[in-house]
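Visitor: I have a structure to look at and some terms to sort out. Could you take me through it?

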Amino acid sequence: MTAPVSALGEFWGNLSGHHVKHTSPSEKPHLEACGRALLGEFRERNADPDLLPPGFLPQHILNQDDYAALGRLILFMSLLPGVGFNFLLDSSRSDYQPYGALNLNIIVPNGFLGKHGESGDREIVLGLHLAIAERVSMGRSDAYVPILSQDVFFSTLYAPDAAQSSRLRGHGRASTVVLL
């Protein structure tokens, strides 16, 4: 949590690729709104943002360091009680290596953004990669054997549109996690 912003890339699977893909004109304003809403939540908790390291509370996504810092901030805030984020375990498989076996998606709901005066048009999703899967041929089909990652790393950060959000929860591939 205390790494300098410039060193956050080592905690990502593919930071540059995700930064380019998810800072398009359709997603970037929502990511920046999330940063401002998180700052609002931070202040609402009577925390002094001036005491944090530079770049810890990104308000604009100007480069991949800012993008990575927003991911770290979402993770940090998700650990605090009463923030109201949601958690989904996603067991998707992908056409690329390594095969995604298990991700924990931290969802910043659009209601959280609206609560802090930001556009609540889209939710924000931060993915944490928990396991990969090794493909094992079983004759006519393949099985995927999960291998838990020794180090959890960030897998993505994006602002899905309504159709993407629906697919994220569809076809039985995601389960809601309730943290008590």
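This is a predicted model: local features need pLDDT of at least 70, side-chain atom pairs count only at pLDDT 80 or more; totals for chains, interfaces and linings use all residues.

Visitor: Start with helix α3. How do you know that its span is close to the expected one?

Guide: Helix α3 covers residues 64-78, which is 15 residues. The expected span takes 1.5 Å times one less than the number of residues. For α3 that gives 21 Å, and the helix reaches 21 Å from its first C-alpha to its last.

Visitor: What makes α3 largely enclosed by the rest of the structure?

Guide: Buried means under 20% relative accessible area. Twelve of the 15 residues of α3 are buried, so the helix is largely enclosed. Among them are Y67, L70, I74 and M77.

Visitor: Which atoms come together at the start of α3?

Guide: A side-chain oxygen of N63 comes to within 3.0 Å of the backbone nitrogen of D65. The cut-off for a polar contact is 3.5 Å.

Visitor: Now the largest nonpolar core. Which of its residues touch the most other members?

Guide: The core has 35 residues, and L38, I74, F85, I124 and L157 touch the most other members. Several elements supply at least two residues each, including α2, β3 and β4. Helix α3 gives the most, with eight residues.

Visitor: What does I124 touch?

Guide: Contact means heavy atoms within 4.5 Å. Leaving out residues up to four places away in sequence, the partners of I124 include C34, I74, L113 and L157.

Visitor: How many aromatic pairs are there?

Guide: The count comes to four aromatic pairs.

Visitor: Why is the pair of F56 and F76 called edge-to-face?

Guide: Ring centres must lie within 6.5 Å, and planes over 60 degrees apart count as edge-to-face. The centres of F56 and F76 are 5.5 Å apart and their planes are at 85°, so the pair is edge-to-face. F56 lies in the loop between α2 and α3 and F76 in helix α3, so the pair ties together parts 20 residues apart in sequence.

Visitor: Is F56 buried or exposed? And what makes F76 partly exposed?

Guide: F56 has 4% relative accessibility, so F56 counts as buried. F76 has a relative accessible area of 26%, so F76 is partly exposed.

Visitor: What makes F85 and F112 an edge-to-face pair?

Guide: Their ring centres are 5.2 Å apart and their planes are at 80°, so the pair is edge-to-face. F85 lies in the loop between α3 and β1, and F112 in helix α4, so parts 27 residues apart in sequence are tied together. Both F85 and F112 are buried.

Conventions
Residues are numbered from 1 along each chain as its sequence is written. Side-chain values use heavy atoms; hydrogens and water are left out. Helices (H or I, at least four residues) and strands (E, at least two) are DSSP runs, numbered from the N terminus. Buried means under 20% relative accessible area, exposed over 50%, partly exposed in between (1.4 Å probe, protein chains only). A polar contact is a pair of N or O atoms within 3.5 Å; within protein, one must be able to donate a hydrogen and the other to accept it, and residues adjacent in sequence count only if both atoms are side-chain atoms. A nonpolar core is a set of buried Ala, Val, Leu, Ile, Met, Phe, Trp, Tyr and Cys residues joined through side-chain atoms within 4.5 Å. Rings of Phe, Tyr and Trp (its six-membered ring) pair if their centres lie within 6.5 Å; planes under 30 degrees apart count as stacked, over 60 as edge-to-face and the rest as tilted.
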